[in-house]
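Dear colleague,

Please find below the structure that I am handing over to you, together with its sequence. A summary of the findings follows it.

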Amino acid sequence: MEKTGEGKNSKDLLDVVLRNIWKAWELRAMVLFTLGVQIVLLLLGNRRKSSPKIWLRVLVWCAYLTSDSVATVALGVLSSKLGEANEKSGHLDDNSKLVALWAPLLLLLLGGPDTITAYSLEDNALWLRHLLGLGVQAAATAYILFMAWTSSSLSVLSLVMILVGLIKYGERTWVLWLASKDKLRESMLTPPDPSPNYPRFMAEYSLKQAEGYHVTADEVIEVQVPAGTQSETAVQLTVKAYRLLQIFKCLFIDLILSYDDRDLSQSIFKDIEWEDAFQLMGIELGFMYDLLYTKAMLLYSVWGFRRRFITFSLTLLVLALFSLAEKYPNCSTVDLYITYALLAVIIIFEIYSILILLSSDWTDVWLSVHNKSRALHRAVTCVRLPKQPRWSNSIAQFSLLRFCIDENPLFCHGILKRLNISEKLDKYHYTTFERIPPNLKQKIFGRLKVKFGKLEKPTDISQIGRVLDEYGHTDKMWSTKAEFDQIILTWHVATELCYYWDKQDKWNYADYSLSILLSRYMFYLLLMYPFTLPNGIGQIRIRDTFAEAVKFFEERPIKVQTHSNTEPEESRTVSRHPSGRRTNKVVHRSQKALQSACKMLLEVNTEVEPTKVKGGRSKSVLFDGCRLATALNKSVDIEMKWQMISNLWVEVLLYAASQSRGDCHAHQLRRGGELLTHVWLLLAHFGLTDHFQMTEGHAIARLILR
């Protein structure tokens, strides 16, 4: 009994100790956690536009969601602690007064860094919720300050920091409102145009007729002078991109442009080089990302600089006065250090934000447009940070064949399956990213210039089939006379099979590698982001094709040639199931396994059309792709075959870009950017889309008297 009592007492003692530790550290932990989260958002919030890595997006997403909630809870805990201390002794001790200073600092942190205001476009639509949050948090901070108000310097410093916090939090809410779709659309509409005074013109017309004149009305056309085509500096390109964005940003919210806008853009792009064209696209889209997801709308103005100077100066002043004011002998050393850390880190935030501001393309535009002195240019250049990439300059790759044979399975798949997240994680697991080679950009741009010369918009899906006609492959036109998602999936399977078939002979043509890059990229978009492509049943086709491939490999084990023995070693059957179930037959396959799998598929006799065998119930196109690959592999000229395939994939990309919506591309900007978005904007600049539907001539009527 005594041992039982001792055990119970020790357990109670442990509970008391843990409870005391939590009571002493709960507020400190929340404040420090909020500070750490803000550091993550400041350093990584803006990296999303230049990195497609999933871990970065997950980290920023977690930091973004927890930053507000933890800071709000911390304000509530702080208010409760001050209330308890006031009730217990009738007044606040020195430590409670010190801790009360954390309230306006938390309000300031709730304003967030300049590098991220919205994680997604939906956050901009919730600006009213943030406005309500601003009112609630400001009221809570004012209540805490009221409870802790004395004639001491701490109360005065808290009052100053509330002003700074309101500026920062107010900026965030204001930017969310400006970037919301309705406000953005309203800001991009041109001012109402009442047109010339028609009654006055006709009155003068009638008067001259009455005087005996023979009067006719004619038009005076204002001719726009096209931009020059001489080589330009990086700053000049940045300014040109900014001016183009003021016209073409309407496309991101699905507004239309005038034919005059088209003519102006065409005058710039008709003689431009492909490097400058893609650089202009990167700068424009970088500006657009800043407008939608950061505080750029407010920062890059005279008042934006003034507000940043005010917040920095006041915070620095508070830190200096706090350090020089009376000592705090009765305060906790830990709380004192946390207060110093909060003020110091906030000042570092401000300095870093100012450096980012000075290092941005927006500053280049501002300095150039306002013709600032060279001394100011040199001063800004001296304090600039290294330029960050404007986008990832990469394209995602997803191979259906590699996914089907499960070459590299996920760890703990059974647990992930029970959590119902295995399918989503598998897709990310098998996605890779490749740098975009310059010759791919050059090929796309060259194809665009050809279409521009012919005034041929890539909005007709039949243009994909014309590539086959150009190379004399009319017998394969059936593969392009289908829905768009079916074309992508059929040609992806065929390209994969041809790729591994010709890889045995070590072909190394440029179009050989470009074809597989575009094939895997378009399949990736169809699988992961179908909303960026024309509507269809792509997801159903992918599932059915995947199920048929799995069934095929389960019935026919893959044979892989080993290094040590010339005899083939029979591999285990495919370890994946359409439902996601995994068997115990797991094996890591090499490139030779993929080549063996392709060989097995190509050995299937496809003389009879697969649709005649399976009917319309299954939407699988696996053996349609095999049939197409078999026909393509009969080509004698391998180089010409891959040139045709690469040109066809470029046409597929152009058609997909011409049919996509601007809001979808706005969403993709926060994921590192997409090649599809750059091509879509290029098409618009060349006037090869349906975004130009308004006539906005510069004609001015005049009377001609005879």
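Of the 706 residues of the protein chain, 50% count as buried, where buried means under 20% relative accessible area with a 1.4 Å probe and protein chains only. This is a predicted model, in which local features need pLDDT of at least 70 and side-chain atom pairs count only at pLDDT 80 or more, while totals for chains, interfaces and linings use all residues. Residues are numbered from 1 along each chain as its sequence is written, and side-chain values use heavy atoms, with hydrogens and water left out.

The protein chain has 31 helices and eight strands; these are DSSP runs numbered from the N terminus, helices being H or I with at least four residues and strands E with at least two. Among contacts (heavy atoms within 4.5 Å) between residues at least 6 apart in sequence, 81% join residues at least 24 apart.

Glu26 is found in helix 1 (residues 2-44). Glu26 counts as buried because its relative accessible area is 17%. Leaving aside neighbours within four places in sequence, Glu26 is in contact with Val77 and Lys81.

Helix 6 (residues 127-147) and helix 7 (residues 153-179) pack at an angle of about 175°, with axes 9 Å apart. The axes are lines fitted to C-alpha atoms over the stretch in contact, and angles run from 0 to 180 degrees between N-to-C directions. The two helices are therefore roughly antiparallel to each other, a term for angles over 145 degrees. The residues of this contact divide into 11 nonpolar, eight polar and one charged. Here Ala, Val, Leu, Ile, Met, Phe, Trp, Tyr, Cys and Pro count as nonpolar, Asp, Glu, Lys and Arg as charged, and the others, Gly among them, as polar.

In helix 22 (residues 462-470), the buried residues are Gln463, Ile464, Gly465, Val467 and Leu468. They pack against helix 21 (438-454), helix 23 (484-503) and helix 29 (638-659). Gly472, which follows helix 22, has a positive phi, near 75°.

The largest pocket holds about 770 Å³ of space. A pocket is an open set of points on a 1 Å grid over the protein atoms alone, with protein on both sides within 12 Å along at least five of seven lines, and lining residues have an atom within 4 Å of a point. The volume is the space filled by probe spheres set on the points, which are joined across faces, edges and corners. Of the 43 lining residues, Lys49, Asp361, Gln388, Pro389 and Arg390 lie nearest the centre of the pocket. Helix 12 gives the most to the lining, with nine residues.

With kind regards

Methods
Parallel < 35°, antiparallel > 145°, perpendicular 65-115°, else oblique. 1 Å grid on protein atoms, 1.4 Å probe; cavity = no way out; pocket = protein on both sides within 12 Å on 5 of 7 lines; lining within 4 Å.
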